[in-house]
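Visitor: I have some questions about the words used for this protein. Could you take me through them?

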Amino acid sequence: MRSFLIFISCYFLSISFSNASVRAPKTIVISTENHVRVRFGAEKLSKALVKLNYSTKIEQKDKLAANNNVIAIGVFSDKLFVNNLPAEIKNKISTAKKEGFHIYTGKNGMLYVIGNDASGALYGCIELADQINSTGKLPTKLAFSDQPEMVLRGTCIGLQKPDYLPGHDVYEYPYTPETFPWLYDKALWIKYLDMMVENRYNSLYLWNGHPFSSLLRLKDYPYAVEVDDATLKKNEEIFQFLTKEADKRGIWVIQMFYNIIIPKPFADKHGLKTQDRNRPIIPLIADYTRKSIASFVEKYPNVGLMVALGEAMEGVGQDDIDWFTKTIIPGVKDGLIAAGIKEEPPIVLRAHDTDAPSVMKAALPLYKNLYTENKFNGEALTTYTPRGAWADLNRKLAAIGTINISNVHILANLEPFRYGSADFIQKSVQAMNKIYGAKGLHLYPQASYWDWPYAADDVKGRLLEVDRDWIWYKEWARYSWNSQRERSEEINYWANELANKYGVNLTGVKLF
């Protein structure tokens with residue numbers, strides 16, 4: 001009899017423990033507008049819930065029924081939310097900037113993740129997933145809003161080398177598996193893009209002298225292609241893959257190029273040099289460049305351009321203005337018309353070695369989605385209180401009325417060390433805002449720009465730079481989203497980040 005009672009007791013205990021691990025299923029509802037970023041965010045949130053033993057499903061609907069087991073995700077203007085949003089959400093979203101979001105638990109228990117736009121909804125999902133992962137539970141009462149401080153928050157990868165290729169000049173590096181084998185590694189791209197979206201970066205800059213002859217074949221200049229047919233096909237495939245995956249994560253891919261550089265096959269055919277600082281603008285090169293840009297914009301619609309007028313053009317003057325306004329911008333417009341695209345991709349004008357204010361004055365009547373970019377401290381990270389002529393130029397760029405982007409460039413004073421001073425970086429971003437008037441960040445790798453994607457560390461195998469310098473990316477991202485965080489809270493935050501990363505127990509440790 002005693003054995004029977006023990007068996008019965010164990011049986012009912014097992015049922016109770018089993019039931020304790022079973023949670024009410026959650027239905028994630030998104031609209032039928034098919035925002036790829038909203039779906040990506042919903043999938044991220046679903047994975048966080050599954051870790052807590054929730055069963056989840058994602059449904060697309062036009063109408064929203066009240067249910068405390070529903071999580072509604074989307075853009076506030078979606079038809080799913082017409083007459084369905086609580087007043088508090090409407091009020092919050094009405095004052096939110098681009099990429100802003102509001103997470104709210106309604107009176108009926110329904111959880112809303114609403115973005116000002118699709119990127120905002122995505123970031124709301126990531127924020128909620130982060131809270132779930134850090135606390136081990138789904139919050140029951142939420143009323144939380146957030147939005148980024150910096151408009152563009154981006155990282156940089158160089159498709160460049162420290163040595164010249166045979167037969168080529170500076171900056172001339174066609175995209176090939178021999179020169180850039182990592183370019184074709186889709187798993188590596190997913191890893192990097194996931195790092196970016198988790199840190200709320202929204203732009204990825206690819207630096208190269210003349211990328212067009214590696215990515216497309218022009219009808220009027222078929223001989224200008226610098227790679228063989230098999231490589232061109234690979235390049236087209238990987239670039240389309242990259243831009244599609246980036247778009248899911250709310251990331252603009254921004255292709256940088258120097259001016260004026262022409263591809264070697266084109267130069268050889270016409271008896272020209274690939275680059276010549278003393279050469280005036282000639283119609284043949286202008287026509288080739290304009291058609292290259294047009295084809296590029298048509299073929300890769302989620303890609304912006306970063307234009308470096310200096311270094312490969314002579315000095316500062318009217319040629320810079322003419323090249324930007326009569327060749328580059330018309331090329332972008334031609335591509336938009338051919339693709340039937342209404343949204344202007346960003347064009348970033350690099351201020352180095354050009355009179356950027358004069359160029360922008362001439363360009364703004366022609367194109368609205370323009371940005372300027374200038375180095376923060378030159379090619380080093382030396383101060384968070386920039387001043388003098390450098391600060392004056394950045395303030396002048398910001399005063400144009402467009403977004404000025406601060407570029408944390410190659411860091412000659414930090415390599416090869418691992419650097420992660422949260423205090424210095426926070427103050428640097430504050431300086432970008434207050435001293436420069438900048439509203440964008442363009443971040444170079446902390447080290448190993450010329451040996452991407454690997455760090456120079458002497459370890460068994462090869463160490464990825466993005467793994468080695470994880471804190472570099474995380475700190476700049478955190479403060480470009482919000483540089484006004486309380487310092488005492490930041491000390492605790494980074495202590496916990498480091499403890500979790502390296503398995504340190506902070507129990508009993510006084511941090512602040």
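Visitor: Where does Leu506 lie?

Guide: This is a predicted model. In it, Leu506 lies in the segment after H16.

Visitor: Why is Leu506 called partly exposed?

Guide: Its relative accessible area is 22%. Buried means under 20%, and exposed means over 50%. The value of 22% falls in between, so Leu506 is partly exposed.

Visitor: What makes the pair of Glu59 and Lys57 a salt bridge?

Guide: Look at the closest N and O atoms. They are 3.2 Å apart. The rule asks for a side-chain nitrogen of Lys or Arg within 4 Å of a carboxyl oxygen of Asp or Glu, so this pair qualifies. Side chains of opposite charge can pair when their charged atoms come close.

Visitor: Are these two partners buried or partly exposed?

Guide: Glu59 has a relative accessible area of 21%. Lys57 has 45%. Both values lie between the cut-offs of 20% and 50%, so both residues are partly exposed.

Visitor: How many salt bridges does this rule give?

Guide: The count comes to 31. Arg249 and Glu245 form one of them, at 2.8 Å from N to O. Arg249 is buried, and Glu245 is buried too.

Visitor: What makes Asp334 and Arg290 a salt bridge?

Guide: Their closest N and O atoms are 2.7 Å apart. The limit is 4 Å, so the pair counts. This pair links distant parts of the chain: Asp334 sits in helix H10, Arg290 in helix H9, and they are 44 residues apart.

Visitor: Why do Asp334 and Arg290 count as partly exposed?

Guide: Asp334 has 29% relative accessibility. Arg290 has 31%.

Visitor: What makes S3 and S5 a pair?

Guide: They share 5 bridges, in the parallel sense. Again the rule asks for at least two, so they pair. Ala72 has Tyr112 in S5 as its bridge partner.

Visitor: Why is S3 called mostly covered?

Guide: 6 of its 6 residues are buried. Buried means under 20% relative accessible area.

Definitions and conventions
Residues are numbered from 1 along each chain as its sequence is written. This is a predicted model: local features need pLDDT of at least 70, side-chain atom pairs count only at pLDDT 80 or more; totals for chains, interfaces and linings use all residues. Side-chain values use heavy atoms; hydrogens and water are left out. Buried means under 20% relative accessible area, exposed over 50%, partly exposed in between (1.4 Å probe, protein chains only). Helices (H or I, at least four residues) and strands (E, at least two) are DSSP runs, numbered from the N terminus.
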